[in-house]
Structure formats: C-alpha cells, structure tokens
Amino acid sequence: MAVATITDDPTTVVGPRWWRPRVPATVGYLAALVIVTSIFSALSDSAQSKVVLHASTNLHNLLQGRVVTLLSSALVIGDVGTAWLIMPLLACLLGLAELRFGALHMVRVFLAGHIGATLLVAGGLWVAVEFDWLPASVRWSEDVGISYGSMALIGALVFVVPNRFRIVWAAVWFVAAIGGVLLGQNFTNVGHLLAFCIGSAVGYGMIRTKTPVTRRFTKVEQALLTTSAILAAAILLG
C-alpha cells in the first residue's frame with residue numbers, strides 16, 4: 001500500500017513564485033494598453049479614426065446599445081505619442097493604488113470613475129442636445145482614454161495619504177479640476193471633475209467604514225505618489 005508523506009523541507013516549492021508580480025492588475029492592464037497601442041500605431045490615419053469612433057463612449061454608440069464601449073474606450077488612447085508618454089505615469093498611479101488598496105478594489109475604483117463619469121457626461125450631453133443647447137454633432141464626439149479612471153484613483157488616494165494632508169490633497173485636485181473645466185470648457189473636463197468626485201467619495205467612504213491606512217509611505221511609494229500627481233496635473237491642465 002502506498003503511503004503519502006508530507007515533507008517539512010523548506011526548499012520544496014509548489015510552483016514558481018519569483019515571476020509573480022506584486023501588482024498583477026497593473027501589469028495586466030498596462031500589457032493590454034501596450035498591445036492595443038502597438039497595433040493602433042501600425043494603422044493608417046483613417047483606420048485609426050475609425051477605431052477611435054468605434055471605441056468611443058459617445059452618445060451615438062451608447063444610444064445604439066454599444067455598451068461594450070464602456071470598457072473598450074479604456075483601452076484606446078487616441079494619440080499614439082501621448083499614449084507612450086502617459087503609460088509610465090499611469091503605471092505609477094495604478095501600482096500605488098494596487099499596493100495600498102489591493103487589486104480588486106483598485107479595479108473597482110478605476111471602473112467606477114471611468115464608467116460613472118462617462119454615463120453622467122453622456123446624460124448631460126443628451127439633455128443638452130435634446131434642448132438644442134449643443135449641436136447634434138456632439139453625438140459623434142471622440143471619447144476614449146484612461147483619464148476618467150485615473151482621476152477616480154487620484155480622488156480615492158485621500159484614504160491613504162497622511163491625515164494632516166487629506167483636506168489639502170482633496171482641495172488641490174478639486175480646484176485644479178474646476179480650473180480645467182473653466183479653461184477647457186468641454187465635456188471631457190467635466191468628466192474629469194466628476195470622476196475625481198466619484199473617487200473622492202469612495203475614499204472618504206473608506207475612511208468612515210474602514211480603519212485608514214497609517215503605514216508610512218516607503219520611498220518607492222513616495223516616488224509613485226509624486227509621479228501620480230504629475231499625471232493628474234497633466235490630465236487636468238494639459
């Protein structure tokens with residue numbers, strides 16, 4: 001009769017672990033962005049325009065029931081040059097959020113900002129078009145990218161910044177988002193403001209229902225936070 005034995009040898013390894021990233025959601029999303037951007041960059045200008053319009057969460061697509069654009073729009077960055085510049089900054093924001101929130105909650109916050117702000121903006125545009133406050137051509141506007149989800153994460157980081165800086169963190173980005181609306185005067189800027197408010201609401205909700213993270217930022221996390229702030233400033237004022 002065969003007898004199963006259990007060994008306490010610490011060198012026994014069930015499977016390879018060294019390659020497993022600490023931030024799997026960040027790595028996965030960035031890999032998807034790199035693949036999509038690489039393919040996108042190889043297309044002709046006309047083909048790129050078609051892809052952007054097809055992936056956009058504009059009124060036309062949403063009213064046609066193309067709800068898949070709520071996800072596909074987060075994988076397409078319309079300007080290839082901008083995409084390659086933004087992705088390293090985005091990696092820092094996603095990585096910091098995942099380290100502090102965990103993969104699942106980071107994804108939830110990102111999607112809440114991306115989808116929530118998109119639908120709120122779309123609702124406002126629909127009303128504006130119906131009452132002739134905006135031209136009907138706005139139905140086919142291009143609306144893709146990572147900015148809404150990113151601003152939601154910036155807002156949610158209020159949960160992990162030191163207590164004495166929370167009000168400053170929230171106030172600075174709220175004022176900057178308002179400034180972006182006043183300067184840009186387009187629906188995308190409004191979406192940035194709404195996404196930040198969604199993320200901030202999530203962050204303050206966590207403060208009320210969970211024990212705030214009191215662990216100090218490591219030097220790496222401080223660098224990630226600084227880079228995340230650069231990304232937020234570029235989104236709001238760029």
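Student: How many cavities of 30 Å³ or more does the count give?
Tutor: This is a predicted model, where local features need pLDDT of at least 70 and side-chain atom pairs count only at pLDDT 80 or more, while totals for chains, interfaces and linings use all residues. Residues are numbered from 1 along each chain as its sequence is written, and side-chain values use heavy atoms, leaving out hydrogens and water. A cavity is a set of points on a 1 Å grid over the protein atoms alone where a 1.4 Å probe fits but cannot get out. The cavities of 30 Å³ or more come to one.

Student: What is the volume of the largest cavity?
Tutor: Grid points are joined across faces, edges and corners, and the volume is the space filled by probe spheres set on them. For the largest cavity, this gives about 40 Å³.

Student: Which element gives the largest share of the lining of the largest cavity?
Tutor: Lining residues have an atom within 4 Å of a point, and here they include Thr118, Val121, Ala122 and Leu125. Helices are DSSP runs (H or I, at least four residues) numbered from the N terminus. Four residues of the lining, the largest share, come from H6.

Student: Why does glycine 113 count as buried?
Tutor: Glycine 113 lies in helix H6, residues 103-130. Buried means under 20% relative accessible area, with a 1.4 Å probe and protein chains only. Glycine 113 counts as buried because its relative accessibility is 0%.

Student: Which residues touch the most other members of the largest nonpolar core?
Tutor: Such a core is a set of buried Ala, Val, Leu, Ile, Met, Phe, Trp, Tyr and Cys residues joined through side-chain atoms within 4.5 Å. The largest nonpolar core has 55 residues, and the ones touching the most other members are Ile154 and Leu157.

Student: Which element gives the largest share of the 55 residues in the largest nonpolar core?
Tutor: Among the elements that give two or more residues to the core of 55 residues are helix H1 (24-41), helix H5 (80-101), helix H8 (166-184) and helix H9 (187-209). The largest share of this core is 10 residues, and these come from H5.

Student: How far does H10 reach from its first C-alpha to its last?
Tutor: The expected span of a helix is 1.5 Å times one less than its number of residues. H10 has 19 residues and an expected span of 27 Å. Close to that expected value, H10 reaches 27 Å.

How values were computed: Buried means under 20% relative accessible area, exposed over 50%, partly exposed in between (1.4 Å probe, protein chains only). On a 1 Å grid over the protein atoms alone, a cavity is a set of points where a 1.4 Å probe fits but cannot get out, and a pocket is an open set with protein on both sides within 12 Å along at least five of seven lines; lining residues have an atom within 4 Å of a point.
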